[in-house]
Amino acid sequence: MTSQSTLILLRHGESLWNKENRFTGWTDVDLTDQGKAQASDAGLLLREAGLKPDIAYTTYLRRAIRTLWLALESMDRMWLPVYRTWLLNERHYGALQGETKTDVSGRVGADQVHRWRRGFSERPPALAPDDPRSPRKANPYQSVSPDELPLTESLEDTLKRVLPYWTNKIAGSLERGQTVIIAAHGNSLRALIYLLDGHTPDTIEHVEVPVATPLVYRLDHRRKPIHREVLSRTFRADPASRDRANESG
């Protein structure tokens, strides 16, 4: 086990449904042109900082996968081994997926939407098992037991599925001294930040993960942070685009 390691957390760039202000969750939408540019720029930021990932982890959702591709391309490190897992997917937003946040707020009120989005244990209404949007019907998840696949999730639920993968897979890479990059989503990364920074259910409510902005952790031999840095530029997108994309989900 080495004494220190480096972990890079990278949320995907602006997606098509970020732009439309929709709850996305596990819906497999792609990046906008702005999101692609943000992802490429994130790779340039990492390259300029002298960071050279050795191994990459991402999700089953194309907005995270494409963000990773574009970032690695900017770093000239597309040859890296990449591990994909549904366990790092975005939080599942249940029956809200595909709806605009404005429409849902009009129906149930802004306070309820805030609790669904930011509360630690609040789950949105669940999908029915036979709903066409269910992951049980999607090709990437056919090898996963249906009982493991969520029909809705809270951040707490997301943390519970991320934690075993962190412990059993990602931690081993860090223990070997590898520089690890994880390209994922607002809420799956918030789950990791919850673990790394010792948050509580109350404090994690206020944590926002900006799009395509590398968050770099230097970790000690116990995988505890000894330094934390956000890599960013002054102007990464027009303000309206940036604010839309920074809305989790």
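**Exercise 1. Find which residues Tyr83 is in contact with, leaving aside its neighbours within four places in sequence.**

Step 1. List the partners. Tyr83 is in contact with Ile55, Ala56, Tyr57 and Thr58, and also with Tyr165 and Lys169.
Step 2. Tyr83 sits in strand β3, residues 82-84. Helices (H or I, at least four residues) and strands (E, at least two) are DSSP runs, numbered from the N terminus.
Step 3. Tyr83 has a relative accessible area of 33%, so it is partly exposed. The scale is this: buried is under 20% relative accessible area, exposed is over 50%, and partly exposed is in between (1.4 Å probe, protein chains only).
Step 4. Take one distance. From Tyr83 to Pro146 it is 22 Å in space, C-alpha to C-alpha, and 63 residues in sequence.

A note on the source: this is a predicted model, where local features need pLDDT of at least 70, side-chain atom pairs count only at pLDDT 80 or more, and totals for chains, interfaces and linings use all residues. Residues are numbered from 1 along each chain as its sequence is written, and side-chain values use heavy atoms, with hydrogens and water left out.

**Exercise 2. Is His185 buried or exposed, and what does it touch?**

Step 1. Locate His185: the loop between β4 (179-184) and α7.
Step 2. Read the area. His185 has a relative accessible area of 0%, so it is buried.
Step 3. Name the residues around it. Not counting residues up to four places away in sequence, His185 touches Arg11, His12, Thr59, Leu61, Arg63, Ala64, Leu88, Asn89 and Glu90.

**Exercise 3. Describe Asn21 and Ala212, each with a positive phi although not a glycine.**

Step 1. Give the angles. Phi is about 60 degrees for Asn21 and about 50 degrees for Ala212.
Step 2. Find the loops. Asn21 is between α1 (16-19) and α2 (33-48). Ala212 is between α7 and β5 (215-219).
Step 3. Asn21 is partly exposed, at 24% relative accessible area. Ala212 is buried, at 0%.

**Exercise 4. Which residues of helix α5 are buried, and what do they pack against?**

Step 1. Mark the helix: α5 covers residues 110-118.
Step 2. Pick out the buried residues: Gln112, Val113, Trp116, Arg117 and Arg118.
Step 3. Name the neighbours. These buried residues pack against α4 (101-108) and α7 (186-197).

**Exercise 5. Describe the fold of the chain as a whole.**

Step 1. Count the elements: 8 helices and 6 strands.
Step 2. Write their order from the N terminus: β-α-α-β-α-β-α-α-α-β-α-β-β-α.
Step 3. The C-alpha atoms fill roughly 50 × 40 × 35 Å along the principal axes.
Step 4. Look at burial and contacts. Of the 249 residues, 54% count as buried. Among contacts between residues at least 6 apart in sequence, 78% join residues at least 24 apart.

Technical notes. Contact means heavy atoms within 4.5 Å.
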